[in-house]
Amino acid sequence: MRAGIVIGAGRVGFRISTSWGGSHDVVLIDSDEHALRPGSSLLDVMTIKATELRRVLQEARVDRADLLVAVTEKDEVNILACLTAKLFGAGRTVARVRNPEYSDESRALVHDQLGIDLIINPELLAATSIVRLLRVPSAIEVGYFADGQVEMIGLRCTSPQFVGRTMQELALKSLVVALVRGDEVIIPRGDTRIENGDLVYLIGQAGNFERSTVLGEHTPARIRTVTIVGGGETGSAVASALSRTRTQGLSLKIIEKDPVRAEWLAERLPHTLVIHGDGSGFDLLEAEHVRGSDALVAATGKDETNMLVAMVAKRLNVQETIIRLDREEYASIAEAIGVDATVIPRLLTASTILKLLRRGKVHDVAFVQQGRAEVIDTVVPEGAYLTQKPLSQVAFPTGAIVAMLVREGRAIVPRGSTQVQTGDRVVVYTLHEAVSEVEKALGIA
């Protein structure tokens, strides 16, 4: 990717520019000059204050751009920017669009008729992530890599069998790739000791995890009762997905404050009990028999409301609480008040676009711990530094670990004696600040 343009200097645009800049010519455009200041002072990118779209794209030399990403807060601006860029000869275009009408059914039309290569709906991404979490009870984060052969799970460790023990003393089929302790993300060494309450990230062969053992508490094999508070795009998409793949005995209800929206939901979700009411109130949640439920999803449009709903749910002994957040800085607050998992659409959007930016070099990229770390899934090319010696002898970047490799269709947990070979598919967990060095070691920089 030689040159690119990012329209929208908000949180997503800034994160994309951070990951994309440096080794590429990147132009960051926004109508708010104040929003551009961090980009011009902290990032190695060119910034342009937008006035008239056509003129500013010409100024940014959009005809030379391999990729244009439009992530402003307005769907229409993003779509128009992509259309205009295509007319001027830009390569691929990506638009963030929240309007649910631009869903799977219309994406082919958008691509064929309008020329937009990728439409990203953050709310649908969030719903997919929430459903994935519900399918792995008690997980804080879940990710799949190497075409589903490799699984990553984040779990809160309280097991007396593991607390106080070092990595060398553990006998797991999976690999502990990171410990989160307070504000610190630790890439463990052999003598690193697990402490009670550590958030433990494990990567291993999909479906081959000792979840209940690591948790040290009863882990339900399956979620059977789910309450969703907030019937907006995220909440309704979660309900729709669970209804389509519902298992025998699943009880699903959704609480929506707006009466018109509640009626709309009731017509479109025949297998879901739709309740009109304010889901942030203790009395309503208790009256609707939320007490003791397996899971509650708070997906209203307000972060503060979602955290309040989760607090009330915990008082009612709900086992699993998952909330949607717009602001990633609230994630630590949510954790402190007992929320089990948070889903942040902005980060999901950024990681989705990042995959496109690195296409041809990586198969997948996922942000972990609110963007403080990444998981990179790639095939090792010929001549990569990583293939020269066994892993124990390779000076792999500090702050990163080779978590899994897939060779000849078989997923392998690497050991110190393992030597990565050309053509191996590797999954690497890395802190954000080590990404560039990891890419060099992998031969994909």
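This is a predicted model: local features need pLDDT of at least 70, side-chain atom pairs count only at pLDDT 80 or more; totals for chains, interfaces and linings use all residues.
**Entry 1: D364**

Is D364 buried or exposed? Its relative accessibility is 15%, and buried means under 20%, so D364 counts as buried. I then looked up where D364 sits, and found it in strand β18, which covers residues 364-368. Next I asked which residues D364 touches, leaving aside its neighbours within four places in sequence. The list holds Y144, F145, K355, V375, I376 and D377.

**Entry 2: strand β7 and its sheet**

Two of those contacts, Y144 and F145, sent me to β7, which spans 141-145. What sheet does β7 belong to? I found an open sheet of five strands, ordered β7-β8-β11-β9-β10, with antiparallel pairing. β7 and β10 (184-186) stand at the edges and have a single partner strand each, so one side of each has no neighbour in the sheet. I also looked up the angle: on average, neighbouring strands here are turned by 15° against each other, direction ignored.

A friendly reminder to myself: strands of a sheet pair through backbone hydrogen bonds, either parallel or antiparallel.

Then I zoomed in on β7 and β8. β8 takes in residues 150-156, and five bridges join this strand to β7, the two running antiparallel. Which residue of β8 is the bridge partner of E141? I found G154 there.

**Entry 3: the whole chain**

Last, I stepped back. I noted 14 helices and 22 strands in the chain. Of its 445 residues, 55% count as buried. Among contacts with a separation of 6 or more, 62% come from residues 24 or more positions apart. The accessible surface is about 19,900 Å², and carbon and sulfur atoms hold 48% of that surface.

Key:
Residues are numbered from 1 along each chain as its sequence is written. Side-chain values use heavy atoms; hydrogens and water are left out. Two strands pair if DSSP finds at least two bridges between them. Helices (H or I, at least four residues) and strands (E, at least two) are DSSP runs, numbered from the N terminus. Axes are lines fitted to C-alpha atoms, for helices over the stretch in contact, and angles run from 0 to 180 degrees between N-to-C directions. Buried means under 20% relative accessible area, exposed over 50%, partly exposed in between (1.4 Å probe, protein chains only). Contact means heavy atoms within 4.5 Å. Accessible areas come from the Shrake-Rupley method with a 1.4 Å probe; for residues, only the protein chains shown count as cover.
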